[in-house]
Amino acid sequence: MKKKALLISCFNWYKARLETVRQMILKDYDVTVLIADYDHIGKKKIRERYPECTYINVPEYKRNLSISRVRSHIIFGKEVGKRLKSLRPDLIFLQLPPNNSAWYCTQYKKLNPETKYYIDLIDLWPESLPLKGADKTLIVKYWKSVRDNSLPAADHVFTECALYRKKLAKVLNREKTSVLYLYKKQTEDEHKLVNQKIKKRRIHSDKLSFAYLGSINNIVDMEGILKVLKGITARGISTSIHIVGDGEGRNRFLKTLKAAGVKVYFYGAVFDQMRKIKILGNCDFAFNMMKESVLVGLTIKSIDYFSMGLPIINNIKGDTWEIVRRYGAGVNVDDPEYAWESILDCDAGDVSQKAYALYLKVFTEDRFKKCLKEAMRL
């Protein structure tokens with residue numbers, strides 16, 4: 001009789017990470033995958049469901065910073081506790097946040113010490129809250145302590161980036177912690193199309209085209225992006241931006257871009273990767289800029305950009321800053337008003353090739369599997 005495994009994600013990260021974990025342990029475990037039935041990005045109930053996953057009904061919420069969201073996560077955590085009691089798994093792979101799920105898993109681990117328990121930190125909450133002074137409030141301190149007090153119980157902790165491991169160094173056992181970067185699958189047709197786009201990419205002296213991919217929300221550094229584009233247009237260069245994505249900040253973002261004389265192409269949410277490559281693959285650079293108050297080391301969108309051979313305009317410190325510096329895969333921005341100097345000094349074809357070479361070396365599924373195998377001893 002096979003042992004039982006429980007994989008848990010309040011956010012729909014099945015295809016991004018958990019699918020690979022599931023495939024790697026299927027031969028030894030009967031696997032249950034728990035996922036909340038609410039799409040955090042689209043702010044709607046999930047319709048496209050994977051048959052191998054079990055979906056937990058949670059309340060909807062419309063704002064990322066709201067009591068409704070906290071309530072939704074608390075209900076998900078309670079359901080995790082119920083499933084632990086009924087399934088009695090021999091292996092737990094838990095993605096955080098929300099932090100309260102870790103409390104239930106840790107209590108189960110204490111009662112069942114032979115259970116293999118892995119935590120996958122895909123974000124840091126409340127540290128990522130874009131609110132000044134939030135870390136001093138009692139509720140935020142409590143939410144953080146729920147996570148921190150749970151980490152030592154895990155057999156191994158994976159962090160989405162090295163920055164998270166550094167920030168939590170005081171509560172993590174370094175020997176039982178690994179950086180597990182996100183990965184991006186790519187078909188042979190996508191690979192060929194990316195290479196075609198890279199070969200054709202050249203910066204024209206009289207125009208530049210930029211890409212923006214992903215959510216348009218309160219953590220995006222819209223002001224910084226606007227300053228970069230204004231610096232380009234002030235040099236007499238025709239500037240355009242191609243936007244694939246959506247969010248509550250869309251109207252304000254589009255309005256300010258157009259007011260600055262930037263030609264805007266808005267496509268909304270696009271899920272087909274070939275279409276995304278066709279839309280954004282003709283751009284020269286891609287924006288990877290977030291507000292300084294946001295604690296993040298590596299964004300999903302940056303990996304998407306690299307997989308399309310797009311060099312990035314980046315202001316995110318930590319992993320991304322070091323990766324761009326080491327591999328020459330874009331331009332790191334300290335002061336967005338003067339970023340135009342570094343951008344215009346770049347050879348578009350050269351930095352595009354470097355961005356794609358980075359993707360092939362660091363952000364593939366093979367690299368992801370290797371890290372899992374070593375840490376979980378599969």
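## About the model

This is a predicted model: local features need pLDDT of at least 70, side-chain atom pairs count only at pLDDT 80 or more, and totals for chains, interfaces and linings use all residues. Residues are numbered from 1 along each chain as its sequence is written, and side-chain values use heavy atoms, with hydrogens and water left out.

Helices (H or I, at least four residues) and strands (E, at least two) are DSSP runs, numbered from the N terminus.

## Helix H14 and its end

H14 covers residues 365-376. Its 12 residues reach 16 Å from the first C-alpha to the last. That is close to the 16 Å expected at 1.5 Å a residue. The expected span is 1.5 Å times one less than the number of residues.

Which residues of H14 are buried? They are Glu365, Phe368, Cys371, Leu372, Ala375 and Met376. Buried means under 20% relative accessible area, exposed over 50%, and partly exposed in between (1.4 Å probe, protein chains only). Seen down the axis, the buried residues of H14 fall within an arc of 125°, so they line one face of the helix. The arc is that of the directions from the helix axis to the C-beta atoms. An α-helix has 3.6 residues a turn, so residues three or four places apart point the same way. The face turned away from the buried side carries the exposed residues Asp366, Lys370 and Glu374. Arg377, in the segment after H14, is exposed too, with a relative accessible area of 77%.

What covers the buried residues of H14 includes strand S8. S8 spans residues 156-159 and is itself covered on both faces. His156 and Phe158 are buried on one side, Val157 and Thr159 on the other.

S8 pairs in the parallel sense with S7 (residues 116-121), over four bridges. Two strands pair if DSSP finds at least two bridges between them. Phe158 in S8 is the bridge partner of Asp120. S8 also pairs in the parallel sense with S9 (residues 177-179), over three bridges. There, Thr177 is the bridge partner of Val157.

S8, helix H5 (residues 162-167) and S9 make a right-handed β-α-β unit. Right-handed means that, with the strands pointing away from the viewer, the path from the first strand over the helix to the second runs clockwise.

## Two nonpolar cores

A nonpolar core is a set of buried Ala, Val, Leu, Ile, Met, Phe, Trp, Tyr and Cys residues joined through side-chain atoms within 4.5 Å. The largest has 100 residues. Phe210, Tyr212, Ile241, Phe287, Ile343 and Phe363 touch the most other members. A second, separate core of 26 residues includes Tyr29, Tyr55, Phe93 and Leu180.

## A buried lysine

Is Lys276 buried or exposed? At 9% relative accessibility, Lys276 counts as buried. Lys276 lies in helix H9 (residues 273-280). Beyond its neighbours within four places in sequence, its contacts (heavy atoms within 4.5 Å) include Lys184, Leu213 and Asp304. Lys276 and Leu213 are 63 residues apart in sequence, but 9.1 Å apart in space, C-alpha to C-alpha.

## Backbone exceptions

Most residues other than glycine have a negative phi, and most peptide bonds are trans. Arg88 has a positive phi, near 50°. The loop between helix H2 (67-87) and S6 holds Arg88.

A cis peptide bond joins Leu96 and Pro97, with omega about 0°. The bond from Pro97 to Pro98 is also cis, with omega near 5°. Pro97 lies in the loop between S6 and helix H3 (100-111).
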